[in-house]
Amino acid sequence: MSLLEVKVPQLSESISEATLVEWNKRVGDQVQIDEVLVAIETEKIVLDIPSPASGKLVSVAVENGATVLADQVIAVIDTDAVEVQTKTNELDALTEEIKVSPILMPSAEKILLNEALDPNEIRGTGLGGRITKADVLREMEIIEKTPKPVEAVSAEEEVVQKNMGAHSDRLDQRVPMSRLRSMVAERLVRSQQTSAILTTFNEVNMAPVIELRKRYKEAFEKKYNVKLGFMSFFVKAVCSALKEYPIINASVEGSDIVYHNYFDIGIAVASPRGLVVPVLRNADQLSFAEIEQQIADFGRRAKEGKLTIEELSGGTFTISNGGVFGSLFSTPIINPPQSAILGVHATKERPVVENGEIVIRPMNYFALSYDHRIIDGREAVLALVAIKNALEDPARLLLEI
């Protein structure tokens, strides 16, 4: 017997533990190399742990729902057991090949097709084992009299059922928070407790960006195979403002202010498991197409739960676009250790005054929340004005002025 330990992989520097979500195999099961054994959940993503070798799962050290640490042994595989299984599989395959399909009488075949019955489950009493109409009718009668099995209830459904009241119109449902939801809640509360958060607002006339996007969106999509959205304009405008006001891109570490000479922009994305923030590295160096392609990829893999820890770590500034859900106004909470976050909202046509006249323009309220411990109101307001000016005159983004 040759035993191989299965360990929890290394987690990122900011993550010390994870939750074992669910085993895909049971003790005694055969496993193949790279086959997913178990899923673990960190505060950011769900990780699938593959089998390091083929063999038999001989022991499991941690049950579903338990907390695990990096390098912790969670299972043991007997790699010598793989040969026995291989021979068994070959024998099963050979047996399958020599199976002979039962012979059906025409009247029996018609009923089988209508009732969707398996001929291999019916004993034929005709000549040479042929299945007759009477054999099929007898099988149908047996099925009709057999009690229906009680449907299995999943663990999650059982939790829900136990916590439901007796009255159908007054129901309670109690389910545990996922690790992601718990950590997001803890981080946001900590942000409000440790940062002096203020929010400044401004309104942005989106007409120039809308017109530019309308004019070039077909050619853009045809050339780059991705839609031209608004987020690439937001990212470019933010990078321009952060270069002009670097304190907005800084962070607090103890009693020090750390200025970052790079621009890693986090993009808040909704996923089935909750809010995640994948990061655009060196966003100022990316083209509009590269930004849109990365964001589209982030959104797709967020839904599939396939974002990596590295993609969700770091970031010097965050953009949260609640407008895609219809939000008109909000005060976003800073994502620590960052010192500022931009909230973008729904664009709505509103009356505004231009040159002494009332006109209708597509307006969007922008909100910049900032840590007042290191960012003064002047810098915050001017940075948001810089973002506004860049979007109301997109040529600035191309000319970098």
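**Close-up views of the model**

**View A. Strands β4 and β5 run antiparallel and are joined by five bridges.** This is a predicted model, in which local features need pLDDT of at least 70 and side-chain atom pairs count only at pLDDT 80 or more, while totals for chains, interfaces and linings use all residues. Residues are numbered from 1 along each chain as its sequence is written, and side-chain values use heavy atoms, with hydrogens and water left out. Strands (E, at least two residues) and helices (H or I, at least four) are DSSP runs, numbered from the N terminus, and two strands pair if DSSP finds at least two bridges between them. Strand β2 (residues 17–23) pairs with strand β4 (residues 36–41) in the antiparallel sense, over four bridges.

**View B. Four strands form an open sheet in the order β5-β4-β2-β7, with antiparallel pairing.** The edges are formed by β5 (46–50) and β7 (67–69), each of which pairs on one side only. From one strand to the next, the twist averages 45 degrees; the axes are lines fitted to C-alpha atoms, and angles run from 0 to 180 degrees between N-to-C directions. Strand β4 is mostly covered, since five of its six residues are buried, where buried means under 20% relative accessible area, exposed over 50%, and partly exposed in between, with a 1.4 Å probe and protein chains only.

**View C. Val 58 lies in strand β6 (residues 55–60).** With a relative accessible area of 31%, Val 58 is partly exposed. From C-alpha to C-alpha, Val 58 and Asp 29 are 8.0 Å apart in space, and they are 29 residues apart in sequence.

**View D. The structure holds one cavity of 30 Å³ or more.** The largest cavity has about 60 Å³ of space. It is lined by 11 residues, of which Ile 45, Arg 273, Val 276, Ala 302 and Gly 305 are the closest to its centre. On a 1 Å grid over the protein atoms alone, a cavity is a set of points where a 1.4 Å probe fits but cannot get out, and lining residues have an atom within 4 Å of a point. Grid points are joined across faces, edges and corners, and the volume is the space filled by probe spheres set on the points. The lining comprises six nonpolar, two polar and three charged residues, with Ala, Val, Leu, Ile, Met, Phe, Trp, Tyr, Cys and Pro counted as nonpolar, Asp, Glu, Lys and Arg as charged, and the others, Gly among them, as polar.

**View E. Five aromatic pairs are found in a search of the whole structure.** The rings of Phe 233 and Phe 288 form an edge-to-face pair, because their centres are 5.1 Å apart and their planes stand at 65 degrees. This pair links distant parts of the chain, with Phe 233 in helix α7 (residues 231–244) and Phe 288 in helix α8 (residues 288–304), 55 residues apart. Phe 233 is buried, with a relative accessible area of 3%, and Phe 288 is buried at 17%. Phe 234 and Phe 366 also form an edge-to-face pair, with 5.7 Å from centre to centre and 85 degrees between the planes. Here Phe 234 in helix α7 is linked to Phe 366 in strand β19 (residues 357–371), 132 residues apart. Rings of Phe, Tyr and Trp (its six-membered ring) pair if their centres lie within 6.5 Å; planes under 30 degrees apart count as stacked, over 60 as edge-to-face and the rest as tilted.

Key. On a 1 Å grid over the protein atoms alone, a cavity is a set of points where a 1.4 Å probe fits but cannot get out, and a pocket is an open set with protein on both sides within 12 Å along at least five of seven lines; lining residues have an atom within 4 Å of a point.
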